[in-house]
Amino acid sequence: MALLEVRGIGKSFRGLRALHDVSFDVPAGAIHAMIGPNGAGKTTCFNVMAGVYKPDAGSIHFDGKPIAGLRPDQICRAGIGRTFQVVKPFPGLSVLDNVMVGALNATDSVRQARIEALRVLELLHLADKARHVASSLTLPERKRIEVARAMATRPKLLLLDEVMAGLRPTEVDEMVAVFRRVNQETGTTILLIEHVMRAVMALAQHIVVLHYGEKICEGAPVDVVRDPAVLECYLGEEAV
Amino acid sequence: MSDLYLNAALSGALTGLVYGLMALGLSVIFGVVRVVNFAHGEMMTAAMYGAILLSQAFKLDPLVAMAPVAIGMFILGYWLQRGLINSFVTRPEHTQFMLLVAVAIILVNGQLIAFGPNARNVQVDYALDSYQFGSVILDKVRIYAAIAALAVSAALFAFFRFSLTGKAIRACADNFLGAQVVGLDVKRLYALTFGIGAACVGTAGCLLVMLVDVTPAQGPAYTLLAFIIVIVGGMGSLTGALLAGLIVGISEAMAGALFVPSAKSMFTFALLVLVLLFRPQGLLGRTP
Amino acid sequence: MSVLFDGLPRRSLIALAVFFGLLLVAPWLVNAYVLSILVVVLYYAYAGQSWNIMMGFAGQLSLGHSLYVGLGAYTAAALFVRYGVNPWLGLVVAVGVTTVMGAIVGFLAFRFRIGGVYFAILTIAFAEFTRIGFDHAPLITAALADYTGISVDKFPALGGSGGLFLPVTNLSSNDLLNLRGAPIMFYYVMLAMTALALAFCRWLLASKLGYYWQAIRENEEAAAALGINVFRYKMIAVMLSAAMTAFAGVFFAFYYNNLFPEQIFSMNRSIELILGPIIGGLGTLFGPILGAFVLSPLADGITEVLQWAGVEIPGVKQVFYGVCLLLVVVFLPNGIWPVLAKRFKLGREQ
């Protein structure tokens, strides 16, 4: 039994079909990626998993328990942490306080939360900015806060929504190293939506491809990038 | 006995149309500029006092005074937005709100200082006349006021529907960034919109002062009333504002007839709670 | 206990000590008139802190807080007048009443995701509804008596628009147990409550509750994604704020000894309550206190000056409040306290 089992998910918005019959598994401890052209439904899929939307059809099982339709906070407490594509830091709070809010998901003690938050900030090379107000940080830094916050909640599964966007190649490599380390040291399962192929190829053990709301392909990275259907949806018919 | 209620309901409906016009101004302002005009009721009482002054000084019938008062209010609203509120458009919601609370406080108490706390109104020559339709007796002033309110509302609808400026304003409402990108001077349009909203209030004030007394303390009450009407009718729906105004007018009159006139707002509040509970987008509002 | 003072630089602690020290001995340093002003100032400092929990910490704008002041006042007063119930016991009941009311308002609003402006309007509507209700209390009581067959005398006397009056007894001897006594007793009661509220707020802000509230205030969606049950924490904020405000009401009733719905439930009162925290500094600990200390004396000062000049116009004080609010919102949106704290380095270490 995989950690995350997504079966036949469908979601429409007033007649516009965003997702149709999407199914995939993510085993515990793995790093999987979800790719696809813009508008393919990747973030919608994330939002359904994270409880922002209720699916119109299908089921989601996490750690053996059904979670489709639960509230976002319930899903977080069940063990799924997520980041947002458009980052949502707590602008008036310090970086440390931001991450502490996440850490408080796993403990009631503020002192413990502070220790944990500092540990995560260290991991993401943000410790020197701990006392800075979040709104004063650059966008790439704010993305790291977003990741740190989600990680501080001690998730079993981390959903990362385009966290590499806008980063320079060296920064991408740094983030890849962080995620690899977290995955190896704590066994945290990771599912990432990404456009930055450099990160996908470096991290993902398995890729799911979405196009127009449907899964068109899945498999090992080397196979997926050569699959004709995938190439067609990215580059068009004539290119294949 | 039911004649009493029928009369009350119809009277209330007529008054309600004037309320609707007032709320229309608020809806326009919020729908476009997205600023919550907490000083709306205070602007209303200011207009009412304006009508009183003009009536005292020039013996102007409020129906005629509508024009100068509306223009005056337009200018006030335009400069309020241009000079003060425009810089707040990007600030957090509660800051904008507080700004207008401050303006409201200054307006209310300014009126208190200028006019004193006693009730005033405008007594036109035909104030005591009425028309009779069968068993229904309706005040002339009320009918004229309602007709005027409808006429002004219709003019407003036409403006937004058919004129170029009206369409430009609607564009701003729909898409702030998009409007800027196609070259619309959004700040000017915002100011224009606030001015139009204020002019609505000005007109409504002239009409209402023929029907009820005004005291400075009523400013906040009218603000609340305008908001309730807009929420019941649906934010962003102009027809909704009129419809809700009608409903509120009727409910006030019925409450007055069934219980005590001084308790007439209790029904309105109950209506607000019901709408917020069961149909938060309002009667004609778009589903979120 | 140490969490209360931890992170505060030495000079802040000293400033705090001096501040409260002065307040402690003030009755011996000032005349009766100034003392009465100080009582009002502390009243607003306390009430402002209660409101600040809801808005400053959790970000929920209540413009109808006079509802809780009034309900608290009337509950304790009615119990005292009719049944001779001790005001401190009356306070317990009052807290119960306001908490339930807060729960109702909160539930209506948050269950249906009413936020921001809509929520503010809802709070105003509740306060106004209650005001009109209390204005017509005799009528309502009579109607209820008719309907249920219970004799009118059995219902608590609420006085209606004519007012509810508390029997004024010994002004010379201080009876703390019954809250009857000289102004100096009321002064110390309010001072104690203000200090306690400050300590309580400090403790709250540093707790998990405080962090979660601030998260909700800053970004609800992100807060939910981090495991925060937004509905529950908002409810706690509203109910706690309402409960604390009850005391302000009880105090008001027993200090002024008369209650009029027009006054105590009025929107003006609601606005006066929030001016202190906003001008002082929303969401800060010392802001509401500073705001109260700045506003009331200034306002009274202006009234005094005008009276001396022979001018006695109602409304001038309020215009002054309005202008102050305007200036603060435009130039110092975070209030006066953050600016002062930065200047004199009195804030928490950053």
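Domain bounds here come from an automatic or database domain assignment. On that basis, chain A splits into domain 1 (1-79 + 157-240) and domain 2 (85-154). The model is a predicted one, so to speak: local features need pLDDT of at least 70 and side-chain atom pairs count only at pLDDT 80 or more, while totals for chains, interfaces and linings use all residues. Residues are numbered from 1 along each chain as its sequence is written, with chains lettered from A and ligands numbered from 1 in the order in which they are written.

Back to chain A: the C-alpha centres of domain 1 and domain 2 sit 24 Å apart. Where the two domains of chain A meet, domain 1 puts in 13 residues and domain 2 puts in eleven; a contact here is a pair of residues whose C-beta atoms, placed from the backbone, lie within 7 Å. On the domain 1 side, α2 (72-78), β7 (157-161) and α6 (169-186) of chain A are the elements giving two or more residues. Helices (H or I, at least four residues) and strands (E, at least two) are DSSP runs, numbered from the N terminus.

Strand β4 (residues 57-62) of chain A meets β5(A) over two bridges, and A:His61 has A:Pro66 in β5(A) as its bridge partner.

As for how the chains meet, two pairs are in contact, and chains B and C share the most contacts. Chain A and chain B don't touch, their nearest C-alpha atoms being 11 Å apart. Between chains C and B, 33 residues of chain C contact 32 residues of chain B. The chain C side draws at least two residues from each of α6 (116-135), α13 (267-280) and α15 (316-331), and α6(C) has the largest share with eleven. By type, this side of chain C holds 26 nonpolar, five polar and two charged residues. Between chains C and A, 19 residues of chain C contact 24 residues of chain A. Here α9(C) gives the most to the chain C side, with six residues, and that side divides into ten nonpolar, six polar and three charged.

The largest nonpolar core has 294 residues, and A:Val99, B:Val18, B:Met22, B:Ile229 and C:Leu325 touch the most other members. Such a core is a set of buried Ala, Val, Leu, Ile, Met, Phe, Trp, Tyr and Cys residues joined through C-beta atoms within 7 Å. Buried means 20 or more other C-beta atoms within 10 Å of a residue's own, exposed 12 or fewer, and partly exposed in between, with C-beta atoms placed from the backbone. Helix α11 (residues 230-256) of chain C supplies the largest share of the core, 18 residues. Leaving out residues up to four places away in sequence, C:Leu325 touches B:Met98, B:Val101, B:Ala102, B:Ile105, C:Leu275, C:Ile278 and C:Ile279.

Chain B has eleven helices and two strands, and 54% of its 288 residues count as buried.

Notes. Nonpolar A, V, L, I, M, F, W, Y, C, P; charged D, E, K, R; others polar. Pairing = 2+ DSSP bridges.
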